[in-house]
Amino acid sequence: MAMTTKDFQELLWAVEHLYYWQCDANGNILETNAPRNIRQGIHSLFIQSDFPQKVEIYSKDADTPYALGMYMGLEWFVVIEKKNGNLEQMHLLGPVFFSPVDEEQLEDFLREYEGQGMAFHSRHLLIRSLKELPVIFQKYFTQYALMLDFVINHRHLSYEDVNFHVKDPVDENKETRPRLYRESRIFLAEMLGRLAMGDLSVLQDKKMKQGMNYAMLPTNAAAITKPGRTLKDAALIFTAKCADAAVSGGMSPEIADALADSYMGQIEKDLSGVEVMRLMGRIYEDYLRRMHAIKEEAGKYSEKTQACMDYIDLHIKEKINVTNIAQTSGYSVYYLSRQFYRETGEHLPAYIRRKKIEYAAMLLRTTDLEVAQIAEDLSFCSASHFSDCFHKTMGCSPSAYRARIE
């Protein structure tokens, strides 16, 4: 299932005040997720900087993403969409700052451009809008532009393919970097703390979801030049931190580390930047929901019953039956089944099926995998059997469930 610009805007939801603009060849807005009250001021900056003309000239000989920058590290990215060799539409991302700025600097910024003949309809509203723009390292911002290009032009580009027109190059290794490190660590510490507690409300907290994308290690200071490597390294580090947070919250190290190993293998596959970002969201949600279940069940079950549950979690994608679990635990099928039902009120086969369906629901929410592929990944004998089981547990078909949450 190919991604659309709507899907891309859903990804941007995690980064507060990062805006997408679909414009015609003259720079007129066709669609944007920018709020109406700030749309005019920010778009006016783009127009009065003669950026549409620069894009038109650039597009005559090139079609790769184009960074357009102003003073103080304010930058847009433009993804070119052509038809029959001519500029059809421009897809804008931004603007963002590469380092924090205060209100006095923004006043100077606007005075500089007013001195060049620009006029702004509502100066105070524009300054307030600029103050809310995200601070993102250029290399990370470029990753978002490459993702958008993948959605629009269906190709895999690298950092080296991007072109820049920037008035005031920014040194991202200067003294502002420690502040970004500190703020990144604060965001991440709160996200991981809530993971350790199994706090599902974090999934509705925009501020926390933004933390996943905020100056995450490694930064530009690592000087990593291999295309796509920075984002994959960030995903690997994030996965390890999720595993550590889960262990600190009570998950067994065997399950936490086995999950991390499995996800790290997926990260190293040939994934686009969009796919890596989606996978990071899935990793966090998987650990979070498992921790929520652990907290809910803490102290309720005997050691042998908890061991059964851990085994099922660890082998959720495999074909699991009661005989497998009994052989691993050292108990007879009869004894284990009776003990499990006595403590949980649920027969083991039904529990296994429910856990698989819950995992499938998570995949339907967080991936574009086809229903048949999910059925195969979770070792159901057929897609139709999977759909029947899903309907019995969730009250609707897998396709209807995905449509409902979209």
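Trainee: What makes S1 and strand S5 a pair, and in which sense do they run?

Mentor: Strands S1 and S5 (residues 86–97) share five bridges in the antiparallel sense. Two strands pair if DSSP finds at least two bridges between them, so five bridges meet the definition. Strands (E, at least two residues) and helices (H or I, at least four) are DSSP runs, numbered from the N terminus. This is a predicted model, in which local features need pLDDT of at least 70, side-chain atom pairs count only at pLDDT 80 or more, and totals for chains, interfaces and linings use all residues. Residues are numbered from 1 along each chain as its sequence is written, and side-chain values use heavy atoms, with hydrogens and water left out.

Trainee: Which residue of S5 stands opposite Trp21?

Mentor: Leu92 stands opposite Trp21.

Trainee: How do you know that S1 also pairs with strand S2?

Mentor: S1 and S2 (residues 29–32) have three antiparallel bridges, and Gln22 has Glu31 of S2 as its bridge partner. In the hairpin of these strands, with four residues between them, Gly27 takes a positive phi near 90°.

Trainee: Is S1 mostly covered or exposed, and which way do its residues point?

Mentor: S1 (residues 20–24) is mostly covered, as five of its five residues are buried. Tyr20, Gln22 and Asp24 point one way, whereas Trp21 and Cys23 point the other way.

Trainee: Why is Asp149 called buried?

Mentor: Buried means under 20% relative accessible area, exposed over 50%, and partly exposed in between (1.4 Å probe, protein chains only). Asp149 has 0% relative accessibility, so it counts as buried.

Trainee: What makes the contact of Arg155 with Asp149 a salt bridge?

Mentor: A salt bridge is a side-chain nitrogen of Lys or Arg within 4 Å of a carboxyl oxygen of Asp or Glu. The closest N and O atoms of Arg155 and Asp149 are 2.8 Å apart, so the pair qualifies. The structure holds 12 salt bridges.

Trainee: Which residues form salt bridges with Glu285?

Mentor: Arg289 does, at 2.7 Å from N to O, and Arg365 does, with the closest N and O atoms 2.6 Å apart. Glu285 and Arg365 link distant parts of the chain, lying 80 residues apart in helix H11 and helix H15 (residues 348–366) respectively. Glu285 and Arg289 both lie in H11 (residues 273–297), four residues apart, about one turn of the helix.

Trainee: Why is Glu285 called buried but Arg289 partly exposed?

Mentor: Glu285 has a relative accessible area of 8%, so it is buried. Arg289, at 33%, counts as partly exposed.
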